[in-house]
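Please keep the structure open while reading.

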Amino acid sequence: MDGRRLDELRPLKLEVGILDKADGSAYIEHGKNKILAAVYGPREAHPKHIALADRAVVRCRYHMAPFSTDERKSPAPSRRELELSKVIRESLEPAVMSEYFPRATIDLFIEVLQADAGTRCAGITAASLALADAGIPMRELVAACAAGKIDGKVVLDLSDIEDKQGDADLPVAYMPKSNVIGLLQMDGSLTEDEFKQALDLATDACRRIYDMQREALRQKYHVARDETETEVAEVHA
Amino acid sequence: MSATHQLSPVAKLEQKAVHDLIVKGKRLDERGPLDYRSITIMMGTVEKANGSAYVYLGKTKVLAGVKIQTGTPFEDTPNEGILTVNAEFVPMASPTFEAGPPDEDSIELARVVDRGIRESKAIDLKKLCVQPGKKVFVVFVDLYILDHDGNLIDAAGMAALGALISAKMREFDVKDGEVTYKDKTMPLPILDYPVPITSVKIDGSIVLDPCLEEEQVTSCRLTVTTGKDDRICAMQKGGLGVFTPDEIKKIVSTAISKSRDLRQRVLSKVN
C-alpha cells in the first residue's frame, strides 16, 4: 500500500545503548513505530520471596505511552498490555541463559513512544538488543516481525493503516541460528496454505532483522573492538 | 510485571514419570498422543443466564455464562454490538489460584477465547445494533474455571461456544431509540463455530489436550482456533519453550482435522 514489495520490510533503524542508567538499552524505529527497551539486571531479587534457586527470574513490562496512539491511551496497563508482557517475556526468556544468575532478577522494560502496528515485534527486536547490551549471556539474538494478509494477498510487515483493513495478522519471534520460534500469535482468517506462506515470509524477514541487530551491536562496540573483539564475539555469537 | 512461575517440588518429581511415558509414546491415562479426554457438555444449566454451558474435559470443569444487555457502542463500530469475554480462575479450582484481580494467565485465556469468537465472526454483531452510535446489545461471556486439571483454553473455548449457541434473547422492537421486548425469544445470530485446539510439546513430542500433570512438564503450547470452513482464525503460543517452523506447520494441520470432530460434539448438544 505504501509502495513496498509484498515481502519488503518497512524502514528499520536500530540503536544500542542509548540510556545512561539502565544496564542495557536499545531504541528501534520500525516504520512509524518508535520504541525504547531497557534492561536492569541481573540484580538482587526484590521482594526476596520471588527468587528462584536455580535461575534468574525474568520479568517484563510492555507499556504504551498515552500519546503513542491516535486516541489518548490511559496510562494504566490494559489487558492487552498485560497479555503482551507475558508473550514477549516467553519469546525472550528462552534465549536468556538465566541459569547463570540464580536468585537474581532480570527486568525488561519496553515503552512504546509511538505505535504503528507491529509494536510487540519491534519491542522484542529492541529488547533482545538491550539484553545483549546489558552483557547478559544469550543463546542467540531474537528477531521479530509480523506477516499478514491484505486484499487476498499474504504480505510482510503490515503498517497501521494496512493492519486496520487487513484480513490477518501473524506476529512471529524467531531465532534464526537455532531455527526456533518463541512467539506466535494470529488473528484474522487464513487457510492452512496461506498460514504456511505467511510463516515462511515472517521467518525470512526475521533473518534479515537479525543481521541488522548484529550490525547495530557492532556499531556500538566497534570503538573498543581492539581489546574486546573476541569477548563480544563470544557473547553475541 | 509478567514473571516466571516456580514449579512445586512435587511437580518436579512427577515431571520425570510423565516425561518418560510421553517419550515412549504413552500417556498417564493410556490415551494416544492425539486423543482428547472424555468430553461432556451440558447446555442451559444456569436458567438466569441468556445462555450457559458446563463442560467437563476429563476432570477439568468450566462453566460459561452468557448475559446480554444494552450498552453504548464503540466509536469506531457504531453499528455493531459488543462482545466481551472475561475469565474467572475461581479459587476453589486449584490450590494455586488466588482470589483477587485477574492475573496474566486468566487475561490470556479470556483473550485467546475472545479472539477465536471475534475473528471467526461467530456472532453477527451487526444484527445486535439497536440505534446506531447510541445503543447496541453487549454480549458478555463469562468463563468460570471450576476445576483445573489442565487444558483450560480448549475447555473454556468449547464452553463459550456452547453458551453462545444455546443463548436466547427476547425478540425486540425499536421505536424512537427505545427497545420494547416481545414475549418470544430468539437465538443469538451465530455465523460460525470456532473451536480452539491446544497442542503441547514435551521433549520434542507433541500431544493434544494435556492434563495438569502433563501441562506441568510441557515446555510450550500452541493453540490453533479454526472455524467451520477449516480456516484458522486465531493462534497463540505460550510457555517458555520454542517450536521449530516444521513443528508448527504439523500442529496446525492436526488441529484443523481435530477441530472438526470437537465442533461436531459441541453442535450435537444443540437440540
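Val172(A) has Leu184(A) as its bridge partner in S9(A). The pairing behind this is between strand S8 (residues 168–175) of chain A and S9(A), antiparallel over 6 bridges. Two strands are called paired if DSSP finds at least two bridges between them. Helices (H or I, at least four residues) and strands (E, at least two) are DSSP runs, numbered from the N terminus.

The model is predicted: local features need pLDDT of at least 70, side-chain atom pairs count only at pLDDT 80 or more, and totals for chains, interfaces and linings use all residues. Residues are numbered from 1 along each chain as its sequence is written, and chains are lettered from A and ligands numbered from 1 in the order in which they are written.

**Confidence in chain A**

pLDDT is the predictor's confidence in each residue, from 0 to 100. Chain A has a mean pLDDT of 93, and 93% of its residues reach 70 or more. Within chain A, confidence is highest in H2(A), at 98, and lowest in helix H5 (residues 225–236) of chain A, at a mean of 61.

**The sheet across the two chains**

S9(A) also pairs with strand S13 (residues 232–238) of chain B; 4 bridges join these antiparallel strands. In this pairing, Gln185(A) has Gln236(B) as its bridge partner in S13(B). The open sheet has 8 strands with antiparallel pairing, in the order S7(A)-S6(A)-S8(A)-S9(A)-S13(B)-S12(B)-S10(B)-S11(B). Strand S7 (153–156) of chain A and strand S11 (205–208) of chain B are at the edges, each with a single partner strand, so one side of each has no neighbour in the sheet. On average, neighbouring strands of this sheet are turned by 20° against each other, direction ignored.

Helices from both chains pack on the sheet. Helix H2 (residues 119–133) of chain A touches strand S6 (143–150), S8 and S9 of chain A, and its direction makes about 160° with that of S6(A). Helix H5 (residues 245–267) of chain B packs there too, with S9 of chain A and S13 of chain B among the strands touched. Residues are in contact if their C-beta atoms, placed from the backbone, lie within 7 Å.

**The contact between the chains**

Chain A gives 34 residues to the contact and chain B gives 32 residues. On the side of chain A, S9(A) gives the most, with 11 residues. That side has 15 nonpolar, 8 polar and 11 charged residues. Here Ala, Val, Leu, Ile, Met, Phe, Trp, Tyr, Cys and Pro count as nonpolar, Asp, Glu, Lys and Arg as charged, and the others, Gly among them, as polar.

**Two helix pairs**

Axes are lines fitted to C-alpha atoms, for helices over the stretch in contact, and angles run from 0 to 180 degrees between N-to-C directions.

| Helix pair | Axis angle | Axis distance |
|---|---|---|
| H1(A) and H2(A) | roughly 45° | within 10 Å |
| H2(B) and H3(B) | about 45° | 10 Å |

The residues in contact between H1(A) and H2(A) include Leu84(A) and Ile88(A) of H1(A) and Ala127(A) and Leu131(A) of H2(A). By class, this contact has 6 nonpolar, 3 polar and 1 charged.

Between H2(B) and H3(B), Val112(B) and Gly116(B) of H2(B) are among the contact residues, as are Ala156(B) and Gly157(B) of H3(B). This contact divides into 8 nonpolar, 2 polar and no charged residues.

How values were computed:
Contact = placed C-beta atoms within 7 Å.
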